[in-house]
Amino acid sequence: MASHRRPKQPSHGYTSVLTATAAVTVALSAQSASADPLPDPNKKGVQAQIDRLYEEATQATEKYNGAKEAAGTLKKEADSLQESVARKQEVLNELRRQLGSVATAQYRTGGLDPSLQLLLSADPDAYLDRASGLDRLSARQSETLQRFLSQQRALQQQRGEAAEKLGSLQDTREELGEKKAEIQGKLAQAQRLLNTLTAEERAERAAEEQRANRNSARVDLGDEASASGRTASAFDAAKSRVGMPYVWGAAGPGSFDCSGLTSWAFRQAGVSLPRTSQAQADVGTRINSLSALKPGDLIIMRTDLSHVGFYAGNGQILHSPKPGAQVRYESIARSGMPFMWGVRI
């Protein structure tokens, strides 16, 4: 026969514990839902975020370098056009003076030629529509008129070109400002994350960078055949900069970003390279295999081609890697950046 005893009720103390636990759980859930997300307690995650921000800052730096180079080119072109406009204006003024003398002489001797009246009016180009009037001028006067109109058209064209260049220069300078703000913003964000680490964790991170810099001096570069000529001279120049700090937008001689180091080094060898890693990726002879590289070849890294350094031999890269680091040798395999191809200048 089945038992009909009532189930045993939990004790008052146990019920109180359950109630209190549930209350705390509900309170914590409500707090988590309403409050801002807490910082990642995993310090390795914080360090990974810092490294990611540094990488993004170096990528933005190459775009800044490209805009700066473009701005320099546009400035030179605009200045040259403006100088040409000024010279043409002087020639035009002299031709206008000569035609004015002709007009004055004709007026004194019996009236101003209708062709010159039209020329000196507000719309002298309309003269071309009445070229038949040229037979009323001497050959010399006709030649002066033609030169005047030709110079006037050239002047107007170059003024338009100069205005277009100046407009492009202004746009590029605005882009420069945007890229600079982006870089500074990412570096500031990285610094704020660094500040969330304990003093011990920051010291450990700094010590790791120092170890990487010190190890650079003891790296085994092997005995691979090196490049020769100007490439060898550029590589030697880069080796002399080991220990110099990374600074975004810098191109030597005391600090460098990645493409700043390579372009500076080749400039010491009398070779002019483009300023950015993306542009440097398209010069010289492409080497698709790491095993085919020689010390002194350029190495293009990352899928967006935003990093460049020198192949140093034995699987090592000589480069200016990131904010907080120095120009150093480093294992390509451990750099954290995918190899795209090499470039032999």
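Biologist: What does the accessible surface of the chain come to, and what share belongs to carbon and sulfur atoms?

Modeller: About 19,900 Å², with 51% belonging to carbon and sulfur atoms. Keep in mind that this is a predicted model.

Biologist: Fine. How many helices and strands are there in the chain?

Modeller: Eight helices and six strands. Along the sequence you read α-α-α-α-α-α-α-α-β-β-β-β-β-β. As for burial, 37% of the 345 residues count as buried.

Biologist: And what share of the contacts with a separation of 6 or more comes from residues 24 or more positions apart?

Modeller: That share is 67%.

Biologist: Let's get specific. Why is E209 called buried?

Modeller: E209 has a relative accessible area of 17%. Buried means under 20%, so E209 counts as buried. You'll find E209 in helix α5, residues 199–216.

Biologist: Which residues is E209 in contact with, leaving aside neighbours within four places in sequence?

Modeller: K322, G324, A325 and R328.

Biologist: Now E174. Why is E174 called partly exposed?

Modeller: The relative accessible area of E174 is 43%. Exposed takes over 50% and buried under 20%, so E174 falls in between and is partly exposed. E174 sits in helix α4, which covers residues 139–196.

Biologist: What makes the surface patch with D171 and E174 negative?

Modeller: Its members are D171, E174, E175 and E178. Asp and Glu count as negative, so the patch they form is a negative one. Patch residues need over 30% relative accessible area, and E174 has 43%, so E174 clears that cut-off.

Biologist: On to R241. How do you know that R241 has no salt bridge?

Modeller: The nearest side chain of opposite charge is D236, 12 Å away.

Biologist: Where does R241 lie, and what does R241 touch?

Modeller: R241 is in the loop between α6 and α7. Not counting residues up to four places away in sequence, R241 touches P253, F256, L261, W264 and V327.

Biologist: Which residues of helix α6 are buried, and what covers them?

Modeller: In α6, residues 229–239, the buried ones are T231, A232, A234, F235, A237 and A238. Their cover includes α7 (258–268), β3 (307–313) and β4 (316–319).

Key: Residues are numbered from 1 along each chain as its sequence is written. This is a predicted model: local features need pLDDT of at least 70, side-chain atom pairs count only at pLDDT 80 or more; totals for chains, interfaces and linings use all residues. Side-chain values use heavy atoms; hydrogens and water are left out. Buried means under 20% relative accessible area, exposed over 50%, partly exposed in between (1.4 Å probe, protein chains only). Helices (H or I, at least four residues) and strands (E, at least two) are DSSP runs, numbered from the N terminus. Contact means heavy atoms within 4.5 Å. Patches are made of residues with over 30% relative accessible area and no salt bridge: like charges are joined within 9 Å, nonpolar side chains (Val, Leu, Ile, Met, Phe, Trp, Tyr) within 5 Å. Accessible areas come from the Shrake-Rupley method with a 1.4 Å probe; for residues, only the protein chains shown count as cover. A salt bridge is a side-chain nitrogen of Lys or Arg within 4 Å of a carboxyl oxygen of Asp or Glu. The place of a charge is taken as NZ of Lys, CZ of Arg, CG of Asp or CD of Glu.
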